[in-house]
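Work through the exercises below with the structure in view. Try each task before reading its solution.

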Amino acid sequence: MVFQIFLVFCVVVYAETNKESCKDLLQGYLTGQLSSALGRYQVKALRRDFESFSNDVKKALKEVKEKQVADIKTIQEIQNSSIVYIRWGKKTCPSNAEQVISGDVGGSWFDHTGAAVNPLCLPKNPEWGIYKDGTDGGKAYMYGGEYQTDTVPAYMRTLFQHDVPCAVCLVRKRSVVQMFPARKTCYTGWRLEYHGYLMAGYHGQKAGSTYTCVDSHPDTVHGGHANKNGYLFYPVEARCGTLKCPPYVEGREVVCVVCSKE
């Protein structure tokens, strides 16, 4: 009913914008007050007007339908989509996420020049393929991860030389996840997964590393408090120069947040 009213309104508006009134032409034709020749001419003109208007309406309806289909597809994709991320420094996932595995951090040795830069979240129940036990030197190596937080104030200092756990987390109905450095809250439209402190390898060591967001209240691996090194996690602090101060502050530890979005 609403569409019919809208259509009638559009016809009237469209007609009134022309030099002659479609209303008068139609009335003249229907009442027989005009000559048949003039009536035929006006009917043709009116038919052309209505055909043009009808084509415009069809085009508009097609565009609306296409947009509706696209919107429905987007909604379905969001409902069926999911994201996976690693919560570094924790054994469990946030309450809004499904836990895929609870594992331990693995990575390269902190001082190897050919080290892989990225840490991994290793499962506690590994499986094996073809293997040969014993090291022969012609391989890459995997070690555990260790906190190096002896220079950090407060409770983080107690983590020093403890091994680092991790958890792989699955969140449904989300399409993207992103770590934001120097933030402990998410931007508008994003949802918090966890926040923490930015960590990486020591600047004077040979091995490369990546900036990793370690949870602000990290766990430790049971029985893993020993100076065995491996892949090391040092807090990241700001250095002024090319990094603008303010807003950054010389020597201040950098925080981080992991956020997701539909």
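A salt bridge is a side-chain nitrogen of Lys or Arg within 4 Å of a carboxyl oxygen of Asp or Glu. Buried means under 20% relative accessible area, with a 1.4 Å probe and protein chains only. This is a predicted model: local features need pLDDT of at least 70, side-chain atom pairs count only at pLDDT 80 or more, and totals for chains, interfaces and linings use all residues. Residues are numbered from 1 along each chain as its sequence is written, and side-chain values use heavy atoms, without hydrogens and water.

**Exercise 1.** Find the side chain of opposite charge nearest to glutamate 146.

*Solution.* Start in strand β4, residues 143-147 (strands are DSSP E runs of at least two residues). Glutamate 146 is buried there. Its nearest side chain of opposite charge is lysine 228, 8.1 Å away. Glutamate 146 has no salt bridge. Its contacts (heavy atoms within 4.5 Å), leaving aside neighbours within four places in sequence, include Lys228, Tyr231 and Phe233.

**Exercise 2.** Locate lysine 90 and trace its polar partners.

*Solution.* Go to the loop between β1 (82-88) and β2 (98-107); lysine 90 lies there. Lysine 90 is buried, at a relative accessible area of 13%. Next, take its side chain. A polar atom of it lies 3.0 Å from the backbone oxygen of histidine 217.

How values were computed: Helices (H or I, at least four residues) and strands (E, at least two) are DSSP runs, numbered from the N terminus. Buried means under 20% relative accessible area, exposed over 50%, partly exposed in between (1.4 Å probe, protein chains only). A polar contact is a pair of N or O atoms within 3.5 Å; within protein, one must be able to donate a hydrogen and the other to accept it, and residues adjacent in sequence count only if both atoms are side-chain atoms. Lys and Arg count as positive and Asp and Glu as negative; His and the chain ends are not counted.
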